[in-house]
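This report describes a model of two protein chains, beginning with the individual chains and ending with the contact between them. The sequence and structure are shown first.

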Amino acid sequence: VSVSWYLVVSALVFSIGAGGVLTRRNPLVVLLCLELMLNAANIALIAFSRMWGNVDGQIFAIIVMVVAACEVCIGLGLVVALYRRRLPIDVDELRELNG
Amino acid sequence: MVLYVFVVSYVGMAEASHFKAPIGGGQRVLAMLFAFALFVELSIAVLASGLQAIGTDGPTVAFGFGGPEQIGRALLTDFLLPFEVASYLLLIAAVGAVVLARRRGGIHEEEQRVSAMSFLRPPGVGTMAEAVEGRTGTPVHRELGPSAGDGAAAGEPTSPRGSGL
């Protein structure tokens with residue numbers, strides 16, 4: 001399988017994630033779609049890593065996973081805090097921080 | 001992923017209706033259009049790329065390429081600083097999540113304590129917990145409200161078991 005097909009799969013997963021982020025209102029689903037986008041980037045990184053015969057891309061993918069885990073951790077902490085305060089869990093309702 | 005399961009079960013199924021409630025109308029269509037356009041554009045960028053190496057299978061690599069041994073060696077020699085920084089990042093994120101989701105005393109009102117006995121026990125039996133929360137009396141007594149109860153208290157008692165503490 002040539003490298004370009006991995007990249008096409010990566011582009012497909014990234015597009016699904018982007019569409020989900022734009023259409024969904026629940027922050028949990030938005031976080032899941034963000035995860036999808038980051039994993040699409042990971043697929044591309046590992047495909048390129050295989051293309052060059054070098055493990056550096058895999059290291060980068062692992063670091064991306066770590067960052068994604070941190071981001072999800074903070075995001076879910078925010079969701080739990082919102083739930084504790086009986087605020088609506090809806091990104092359209094939570095617009096106090098906009099300009 | 002496990003964290004997702006825990007948070008979804010904590011937040012509860014009352015919010016599950018939001019899962020099926022996407023934004024309406026034009027923005028939804030526009031977002032789908034944008035996602036599709038993004039996919040087409042990325043596919044064009046990949047498939048029509050001038051990079052010759054993308055169309056090939058890549059070099060033949062040795063068996064065990066990208067295995068745990070190679071990754072571990074690379075992580076602990078060439079990428080030791082990013083490895084350590086990532087560990088600190090994880091630590092800070094864990095602490096931050098705990099701080100965010102912590103129960104704050106005094107900022108918002110105390111959460112109501114729910115025990116299984118409050119469902120099993122018939123209301124108005126005059127337990128100590130009901131007395132503390134001011135819920136003594138039968139349901140009829142509570143429907144009348146405190147003002148009606150006080151007004152009627154001068155006359156006849158509205159609840160036979162209301163003062164049976």
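## Chain B

Among contacts in chain B between residues at least 6 apart in sequence, those that join residues at least 24 apart make up 23%. The model is predicted. Chain B holds 7 helices and 0 strands, and from the N terminus on its elements follow the order α-α-α-α-α-α-α.

Chain B has 165 residues, of which 19% count as buried. Its accessible surface amounts to about 12200 Å², and 67% of that surface belongs to carbon and sulfur atoms.

## Chain A

Chain A contains 3 helices and 0 strands, arranged along the sequence as α-α-α. When contacts in chain A between residues at least 6 apart in sequence are considered, 54% join residues at least 24 apart.

Of the 99 residues in chain A, 49% count as buried. The chain exposes about 4800 Å², with carbon and sulfur atoms supplying 69% of this area.

## The salt bridge in chain B

Over all chains, the structure holds 1 salt bridge. Side chains of opposite charge can pair when their charged atoms come close. In this model Glu69(B) forms a salt bridge with Arg73(B), and the closest N and O atoms are 3.3 Å apart.

Both partners, Glu69(B) and Arg73(B), belong to helix α3 of chain B, where they are 4 residues apart, or about one turn of the helix. Glu69(B) is exposed, as is Arg73(B).

## The interface between chain B and chain A

The contact between the chains draws on 57 residues from chain B and 54 residues from chain A. The size of an interface is often given as the accessible area lost when the parts come together. Here the area buried between chain B and chain A is about 5000 Å², and carbon and sulfur atoms give 75% of it. The count of salt bridges between chain B and chain A is 0. Across the same interface, 1 residue pair is in polar contact, with both residues at pLDDT 80 or more.

On the side of chain B that touches chain A, at least two residues come from each of α1 (2-11), α2 (26-47), α3 (68-76) and α4 (80-101) of chain B. The largest share, 12 residues, is supplied by α2(B). Sorted by class, this side of chain B comprises 39 nonpolar, 10 polar and 8 charged residues.

## Two residues with contacts across the interface

Met1(B) is located in the segment before α1 of chain B. Because its relative accessibility is 59%, Met1(B) counts as exposed. Leaving aside residues up to four places away in sequence, Met1(B) touches Leu32(A) and Glu35(A).

Gln58(A) is part of helix α3 of chain A, which spans residues 56-84. With a relative accessible area of 12%, Gln58(A) is buried, since buried means under 20% relative accessible area. Apart from residues up to four places away in sequence, Gln58(A) touches Ile46(A) and Ser49(A) as well as Phe65(B), Gly66(B) and Ile71(B).

How values were computed:
Residues numbered from 1 in each chain as written. Chains lettered and ligands numbered in written order. Predicted model: local features only at pLDDT ≥ 70, side-chain atom pairs only at ≥ 80, totals over all residues. Heavy atoms only, no water. Contact = heavy atoms within 4.5 Å. Buried area = accessible area lost by both parts, 1.4 Å probe. Salt bridge = Lys/Arg side-chain N within 4 Å of Asp/Glu carboxyl O. Polar contact = N/O pair within 3.5 Å; in protein donor to acceptor, adjacent residues only side chain to side chain. Nonpolar A, V, L, I, M, F, W, Y, C, P; charged D, E, K, R; others polar. Buried < 20%, exposed > 50% of the residue type's maximum accessible area, 1.4 Å probe, protein only. Areas by Shrake-Rupley, 256 points an atom, 1.4 Å probe, with all protein chains shown as cover.
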